[in-house]
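Have a go at each one before you read its solution.

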Amino acid sequence: MTAYLGLGSNLNGPRAQIERAVAALARLPGCRGLRSSSLYRNPPMGPVDQPDFVNAVVALRTRLDPLVLLDQIQGLERQQGRVRGRYWGERTLDVDLLLYGDHRVAHARLTVPHPGLPHRAFVLYPLAELADAPPLPGLPALETLLAGCGGESLEKIAPPPLP
């Protein structure tokens, strides 16, 4: 199964946080074949009194069930100092499970495709780097979403980090 994960950070060296997360994701048990998008900088989506975010999307092949994968990525967030504070607030690392193959997941802990995916340029542009037409179950095609998301505040700042 190919899973697409969105990564974001705006604290404690955001670029280094993303690079560490990419390396850690490459070592997850039951996962292989990690590819990463370029790194992008964008203003915060939530409260504006916080630093800009650095974001990327990774694709990885996994044998893990979506909820097991969620547990693994939440453990990675904690290892990198994630503290859940204010909603849409600052964070050392945020990892979202965006897509899990062409599956839909509706669980109390997880919704896939990620509900914010269609509206977030900082996810859509990096996702487009990794796949021309990823499966978006129940959503319009990626090119349609890109046309409507307005990526003018998004800045590509670095090539893909190595796993």
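**Exercise 1.** Does Asn12 count as buried, partly exposed or exposed?

*Solution.* This is a predicted model, where local features need pLDDT of at least 70, side-chain atom pairs count only at pLDDT 80 or more, and totals for chains, interfaces and linings use all residues. Residues are numbered from 1 along each chain as its sequence is written, and side-chain values use heavy atoms, with hydrogens and water left out.
- Start with the scale: buried means under 20% relative accessible area, exposed over 50%, and partly exposed in between (1.4 Å probe, protein chains only).
- Asn12 has 59% relative accessibility, so Asn12 counts as exposed.
- Asn12 sits in the loop between β1 (2–9) and α1 (14–26); helices (H or I, at least four residues) and strands (E, at least two) are DSSP runs, numbered from the N terminus.

**Exercise 2.** Find what stands out in the backbone at Asn12, Trp88 and Pro113.

*Solution.* 
- Recall that most residues other than glycine have a negative phi, and most peptide bonds are trans.
- Phi of Asn12 is positive, near 55 degrees.
- Trp88 also has a positive phi, about 60 degrees; this residue lies in the loop between α2 (66–79) and β5 (94–100) and is partly exposed at 36%.
- The peptide bond from Val112 to Pro113 is cis, with omega near 0 degrees.

**Exercise 3.** Describe the surroundings of Thr111.

*Solution.* 
- Beyond neighbours within four places in sequence, Thr111 contacts Leu97 and Val105 (heavy atoms within 4.5 Å).
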